[in-house]
Amino acid sequence: MDGWIVARMGRPGMSDAIKEDLWRRWRAGESISVISRALGKPPGSVFTVLKHHGGIAPAERVRRADGLTPGDRESISRGLEAGASMRSIAVSIGRAPFTVSREVARNGGRLKYRAFAAEQRAQEQARRPKPSALQDNLVLRQLVIELLETEWSPEQIVGHLRLVHPDNPLMRISHESIYRAIYTIRWKVIPRELCAKLRTGRPIRKNKKNTVKGQWRSQIVGARPIEERPAAADARTELGHLEGDLIVGAKNSQVATLVDRKSRYLTMVALPSRHTATVIPALQQAFSLMDPASSAL
């Protein structure tokens, strides 16, 4: 007879385009597993990008209305290559001569100026995140930390501040600013261990759209859904239908378990690690030692 095992076991760089797609999917509520498969990146790489920003999507960068555009920089590059003067180049793109000369000087001069490199440099310099209100206000920061340590939620803290300091604008802050300070670990505004004090206990921020309901999360390629389990296994009327699980203990120890659904006979398998290449052969070895008349895959 056919048996059944229910298994519950378990960094390449990203371009700016892939990161934009990642954040778009995250804002839409897709899980890390779904995003990982869609982008063709490991879940750990996706989580690393999310955690760097605390799970809070960075604001879209908006180019200044009076700033040079990629087209302007390309025209400057072509003009320099043709030997045109700074003034003539400025006239051709409708900019002040000083703007063009400063742009060329800060990007290597007439001989080394390249439009693409200059555009990238401008984008990097435009990355200036607004500092948290808690960074400069030490009194407010200390009070928020003390309340978080006693397991107050950011919403409760905001309400408390409004009641205790109704006329002091320096003691005002939004709950979202507190969440950003907690989850954006690189700011080092609030100790990272206070994430565990929040009721969700999550390491990154999630909005209301983030849900795994209806999303396939299994990392097992070609996994058979539990809905296909035979009726005899559901009814526990036959021997040989097994449930598998992986238990992780202290000091990175782990053991696999196989339980017969009818007899509840337990088989425990010690494992040196929890990697697939280790777990599967160990389970196969344990299964081969069972009575084939009563247990079969």
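Tutor: A crossing is left-handed if the near helix is turned anticlockwise from the far one by less than a right angle, and right-handed if clockwise. This is a predicted model, in which local features need pLDDT of at least 70 and side-chain atom pairs pLDDT 80 or more, while totals for chains, interfaces and linings use all residues. Residues are numbered from 1 along each chain as its sequence is written, and side-chain values use heavy atoms, without hydrogens and water.

Student: What is the handedness of the crossing where α4 passes α5?

Tutor: Helices here are DSSP runs (H or I, at least four residues; strands are E, at least two), numbered from the N terminus. The axes of α4 (residues 70-81) and α5 (residues 86-93), lines fitted to C-alpha atoms over the stretch in contact, come within 10 Å and cross at roughly 145 degrees, on a scale from 0 to 180 degrees between N-to-C directions. The crossing of α4 past α5 is right-handed.

Student: Which residue in β3 is the bridge partner of glutamate 243?

Tutor: Strands β2 (residues 242-248) and β3 (residues 254-260) run antiparallel and are joined by 7 bridges, where pairing requires that DSSP finds at least two. Within β3, the partner of glutamate 243 is valine 259.

Student: Which residue in the turn of the β2 and β3 hairpin has a positive phi?

Tutor: The hairpin leaves 5 residues between β2 and β3. In that turn, a phi of about 55 degrees belongs to lysine 251.

Student: Which residues does isoleucine 190 contact, leaving aside neighbours within four places in sequence?

Tutor: Contact means heavy atoms within 4.5 Å. By that criterion, the partners of isoleucine 190 are Leu134, Val144, Ile145, Leu148, Ile178, Ala181 and Ile182.
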